[in-house]
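Here is a friendly walk through one model, written for someone who likes to know the cut-offs behind each term. Have the structure open as you read.

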Amino acid sequence: MESLAFDYTRQDAAGTSCTAQAWAQVPDPVSPDQAQALKAQAAELLRARGAVLVAHYYVDGHLQDLALETGGCVADSLEMARFGRDHAAQTLVVAGVRFMGETAKILSPEKTVLMPTLEATCSLDLGCPADDFAAFCDAHPDRQVVVYANTSAAVKARADWMVTSSCALEIVGHLKALGHKILWAPDRHLGRYIQEQTGADMLMWQGDCIVHNEFKGIELQLLKEQYPQALVLVHPESPRAVVELADVVGSTSALIKAVVEGQAQDYIVATDNGILHRMRQLAPGKNLIEAPTAGNGATCKSCAHCPWMAMNGLRNLISCLESGSPSIGVDEAVRQRAQACITRMLDFTAQLRTRAPLQSGMGAA
């Protein structure tokens, strides 16, 4: 089984997409009264535009609440993709990071797709440039190209399949059963987890998420000793040492389900702490404990929050609704090629939903 990998040196720390720049653009906190007023203003603008708000679990809790209160969606990236495609609204407002807005536009080219900011990107996307990825694919033409959702439209355009963490195990397992070898990008930790679970022959790009990569096994073990009855919930973008300590390994939706349906009182959560907002709403009696990061340069023991997700706020949401910008555009030739791999995933997961639930570490889609 091949284990060679392509290691890409990510963006210069002085670039406009560095985390310092992202944190500098995070909106100021709002008081409860301000939040109520801003949400009312945003709700009216959504109604006036005939728009629907689609928000990821990692964005600000006020945005999550607004989405649910106005008939929108709060979900992982797979369900966001489904919801935006199937909703009747002709304007989609995506609160998340740029690849999510691109995915919405790829699936709904006739719709207007707005985002509170186009500067909200993703370390996995940044670390997998389309030209370099194309060269990687060209060097291995015998492999099925499978890319994680956290990639640009141009990278998806080169892929045979797109996957999310909700369905990656099932899709890679399916391809292995057909005798295919896999070229995987960009997250090395998720790729390794899938390879170990399925036994597939996977050649991997060496990207990682700046949030999940900072979780540390030794720190998590020490926390487990403080809370011996706690269940440990881990996203598979985390390093192996962290995954090995998990009671549940899963996508954001799978981790929320584990808290809601679990019998334990205490849960240690190793993913972006934006998810805790929805977990607390759905399981108000449970004790949720942030897993420690304490990585290189960290100034706190638990600061697991994506700086680009944090750039989404009520004020820039209102601004984009008032002005109709910024909007997402995708080159039509790129869009058509990218649409094929996304539709293939959606069709596959739709078939999964009609069957009995599959048993896997990451749960069914």
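In helix H2, the buried residues are Ala35, Leu38, Lys39, Ala42, Leu45 and Leu46. Buried here means under 20% relative accessible area, exposed means over 50%, and partly exposed is in between (1.4 Å probe, protein chains only). Helices (H or I, at least four residues) and strands (E, at least two) are DSSP runs, numbered from the N terminus.

Before going further, a word on the source: this is a predicted model, in which local features need pLDDT of at least 70 and side-chain atom pairs count only at pLDDT 80 or more, while totals for chains, interfaces and linings use all residues. Residues are numbered from 1 along each chain as its sequence is written, and side-chain values use heavy atoms, with hydrogens and water left out.

Seen down the axis of H2, the buried residues fall within an arc of 125°, so they line one face of the helix; the arc is that of the directions from the helix axis to the C-beta atoms. An α-helix has 3.6 residues a turn, so residues three or four places apart point the same way. The face turned away from the buried side of H2 carries the exposed residues Asp33, Gln36, Arg47 and Ala48.

What do the buried residues of H2 pack against? Their partners are strand S2 (51-56), helix H3 (61-69), strand S4 (91-95) and helix H15 (314-323), where contact means heavy atoms within 4.5 Å. H2 itself covers residues 32-49, which makes 18 residues, and its first and last C-alpha are 26 Å apart, close to the 26 Å expected at 1.5 Å a residue. That expected span is 1.5 Å times one less than the number of residues in the helix. Just after H2, Gly50 takes a positive phi of about 65°.

**Salt bridges**

How many salt bridges are there? The count comes to 14, taking a salt bridge as a side-chain nitrogen of Lys or Arg within 4 Å of a carboxyl oxygen of Asp or Glu. Here are some of them, with the accessibility of each partner.

| Pair | N to O distance | Relative accessibility |
|---|---|---|
| Glu69 and Lys39 | 3.2 Å | Glu69 56%, Lys39 16% |
| Arg188 and Asp208 | 3.4 Å | Arg188 26%, Asp208 5% |
| Glu196 and Arg192 | 3.6 Å | Glu196 43%, Arg192 11% |

The salt bridge between Glu69 and Lys39 starts from helix H3 at Glu69 and ends in helix H2 at Lys39, so the pair ties together parts that are 30 residues apart in sequence. Glu69 counts as exposed, whereas Lys39 is buried.

Arg188 and Asp208 also meet in a salt bridge. Arg188 lies in helix H10 (residues 188-198) and Asp208 in the loop between strand S9 (202-205) and helix H11 (217-226), so this pair ties together parts that are 20 residues apart in sequence. By contrast, Glu196 and Arg192 are both in helix H10, 4 residues apart, and about one helical turn separates them. Glu79, Arg82 and Arg353 are linked in a network of salt bridges.

The loop between S9 and H11 also holds Asn213, which counts as buried at 17% relative accessibility. Leaving out residues up to four places away in sequence, Asn213 touches Arg188, His189, Asp208, Glu237 and Pro239.

**The core and its cysteines**

The largest nonpolar core has 124 residues, and those with the most contacts inside it are Val93, Phe133, Trp184, Met279 and Leu317. Helix H16 (residues 332-353) gives the most to this core, with 8 residues. A nonpolar core is a set of buried Ala, Val, Leu, Ile, Met, Phe, Trp, Tyr and Cys residues joined through side-chain atoms within 4.5 Å. Beyond four places in sequence, Phe133 touches Cys128, Val145, Val147, Val155, Arg158, Leu183, Ala185 and Trp205.

The structure holds 0 disulfides, a disulfide being a pair of cysteine sulfur atoms within 2.5 Å. For Cys137, the nearest cysteine sulfur is that of Cys128, 8.1 Å away. Cys137 is buried at 3% relative accessible area, and Cys341 is buried at 0%.

Pro307 lies in the loop between strand S13 (287-290) and H15 and is buried, with a relative accessible area of 2%. Pro307 and Gln21 are 286 residues apart in sequence, yet 8.9 Å apart in space, C-alpha to C-alpha. Aside from neighbours within four places in sequence, Pro307 is in contact with Thr19, Ala22, Trp23, Val26 and Ile210.
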